[in-house]
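Here's a quick tour of one protein model, taken a piece at a time. Have the sequence and the 3D view open as you read.

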Amino acid sequence: MEIAALLTSAGINISICIVLLSLYSVLRKQPANYCVYFGRRLVCGGARRYDPFWYERFVPSPSWLVKAWETSEDELLTAAGLDAVVFLRMVIFSIRIFFITAVVCIAFVLPVNYYGQPRMHKEIHLESSEVFTIENLKEGSKWLWVHCLALYIITSAACLLLYFEYRTIAKMRLGHITSSAPKPSQFTVLIRAIPWHPEQSYSDTLSKYFINYYSSSYLSHQMVYHNGIIQRLLHDAERVCLSLKHVSPEISCKPSLTPCNFCGGPTATNSFHILSNEGDSVKGMELGELTVTTTEQERPAAFVFFKTRYDALVVSEVLQSSNPMLWVSDLAPEPHDVYWRNLNIPYRQLWIRRIATLVGAVAFMFVFLIPVTFIQGLTQLEQLSHAFPFLRGILKKKFINQVITGYLPSVILILFFYAVPPLMMYFSALEGCISRSIRKNSACIKILYFTIWNVFFVNILSGSVIRQLNVFSSVRDIPAQLARAVPTQAGFFTTYCFTSGWASLACEIMQPMALIWNLAAKAISTNKDESYETLRFPYHTEIPRLLLFGLLGFTNSVIAPLILPFLLIYFFLAYLIYKNQILNVYITKYESGGKYWPIFHNTTIFSLILTQIIALGFFGLKLSTVASGFTIPLILLTLLFSEYCRHRFAPIFHKHPAQVLIDMDRADEMTGRMEELHKKLHSVYSQIPLHLQKSSSNGESSTPFSNLELPDPEKLKPEEGDAIAKELWGFQGNESGQEHDTKSCPSASSPEHLTPKMIELHKLN
């Protein structure tokens, strides 16, 4: 690919980014768009003063960049939870390592590649991108030791940074476990595959089992019921809530009669009436009466509660019977994290489901070969023109040729990739994951494998076929074939960085779909109430994208280092934009507790080893035995480092340390909080969470766990006397005194649909 085609793609994407970022800085100030760009802030509370004639509302400003830059990690942890902090530390790690890589490779490797052979160089924009790759070196060149030394520096820096990051995040996870807010999941074990006895129900079987074997630690249990009836009840309740959301509290609820437009008779203008005593409407209606209690509706699964955290940990880790397919125990997820639909799946079906989803994902990978091969054909029109003569007319038009070869392929690939995340999320749900965070974690891994395979390996393979290069004939030839193919795809990977990196970040901060939906809803609906949908951060799509660019950066670092400055720009933009979105847009309802970091660590190690294998193949092709000899020990040392981290830090992300849980139990017993926690365990895992509708006379939530409490509606009300702020909420901060910091919302607690009016109704009930 010519440098002119790269510059064309870069110019198009830079223009798109500048336009979208400027447009965002204006649209975020408009009151009608606050529910799109400040969803998290609206849910968490705060008041906003707004001047309708404020001139700076219509002028782009970089204040949001300053705000994102100045927010500390502790503030981010309080506002969005551990997963958000871990994700941004991934971005920071990428910035650090690729800054080091760019300095080393641009300063030393790139000049060696460019002047590798005595030749007449053209102007930069007329040069081919292959001139800047390692292919430009002649065989047996003594300058290959520069590439080997650069590879050692990059690997050493990456391993050192990975070690310190892994250690820091492991401490953060321990702090997440030992946080001051008690978590009901620490006392709860999910039991599945309860054996069936015709003489008794699942509930009786479970009670007898745990009273017999865990009499000193067993507290109580909550059965899981058939999902159909439960979902119908929840659907009816949701419809009622949606109806109430459109009723203004200021409207009088007294019915009045007005003449009908068609028949002239009287009609009631208000079909609602106020009960004389709200307490009488729910008098005697306990939670158990609304829960399906028949034995036919019970499922062979239950949440079992224990007296201490340590007892729950022991039960979750121990094999309960001689048949591993019965009495399967796992630590329960948080109440907001439970994926109720999958709890009804028989445990014996799970292995069949996992095989089926694996086969489906692999089949989809092979189907995706068709668009990827077509895309590679667009990047190599010169080779295809020999087989298809009609393409020669297109190649004569210089600008069209540059757009087709430099910009269009990566755009088409991104459009095809929009179908991947929903499908992989569906596959993860079919596997039978018991929590939403586990489902998203599983989807993240599937999307990661799919992305690396199709964007990196399939592009290399299809490009080799089009160029009529030899495909892998044996395992021994893999390093050499990768070494031949990677430099030829350096231009495509660079343009992919522009479109999937820069332009996608600009679209992320613009939220085009949410913006269009908001404008359409306001144009169609006459309701003046500010209702909005809260979003969850898409870790399952953004982490694979981050890791893919890390893979491209490592594999091209000593082969084709021209991509490194563009990747570094992407990571800087990602840090600011993702931080802004986490602070303002996305709600944390559930999280994994930092479990995404092992995925990042393992994939980074894989990228380093793949880079070393490709470099080893190139050193062999260039007949440099010294460089090849020094690369083999580097591969072994990287594998040893990975194994050390797997034994030293990885268990913390899969198991809870008993020492920590015992200390927490002793602290709760000394303060007298243990009995209060025991009383509330049963209600938080109810399949019909009606306990959230009950509140005590002083307005406090009935649950003792702070991460389940609703925010105080007084903090969500606008200040008195501000007529415009009564309709639109927000926050005050740096933009000419129009915004200010607000208290962050509790992690994993905010409801999906929440307006101030609904919260007031909630408090009245």
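Is helix α27 largely enclosed by the rest of the structure or largely open, going by how many of its 26 residues are buried?

## Helix α27

This is a predicted model, so keep that in mind throughout. In α27, 20 of the 26 residues are buried, so the helix is largely enclosed by the rest of the structure.

Helix α27 covers residues 596-621, and at 1.5 Å a residue it should span 38 Å. The C-alpha atoms at its ends sit 38 Å apart, which agrees. Just after α27 comes Leu 623, with a positive phi of about 60°.

## Cysteines

How many disulfides does the model have, counting sulfur pairs within 2.5 Å? The count comes to zero.

Two cysteines to look at are Cys 105 and Cys 433. Cys 105 has 0% relative accessibility, so it counts as buried. Cys 433 is at 9%, and because buried means under 20%, this cysteine counts as buried as well.

## A nonpolar patch

Now for the surface. Phe 99, Ile 100, Val 103, Trp 143, Trp 145, Leu 149 and Ile 153 make a nonpolar patch of about 710 Å². Two elements give two or more residues to it: α6 (82-114) and α7 (144-177).

Take Ile 100, one of the patch residues. Ile 100 lies in helix α6, and its relative accessible area of 30% makes it partly exposed. As a reminder, an α-helix has 3.6 residues a turn, so residues three or four places apart point the same way.

Note on methods. Residues are numbered from 1 along each chain as its sequence is written. This is a predicted model: local features need pLDDT of at least 70, side-chain atom pairs count only at pLDDT 80 or more; totals for chains, interfaces and linings use all residues. Side-chain values use heavy atoms; hydrogens and water are left out. Helices (H or I, at least four residues) and strands (E, at least two) are DSSP runs, numbered from the N terminus. The expected span of a helix is 1.5 Å times one less than its number of residues. Buried means under 20% relative accessible area, exposed over 50%, partly exposed in between (1.4 Å probe, protein chains only). A disulfide is a pair of cysteine sulfur atoms within 2.5 Å. Patches are made of residues with over 30% relative accessible area and no salt bridge: like charges are joined within 9 Å, nonpolar side chains (Val, Leu, Ile, Met, Phe, Trp, Tyr) within 5 Å. Accessible areas come from the Shrake-Rupley method with a 1.4 Å probe; for residues, only the protein chains shown count as cover. A salt bridge is a side-chain nitrogen of Lys or Arg within 4 Å of a carboxyl oxygen of Asp or Glu.
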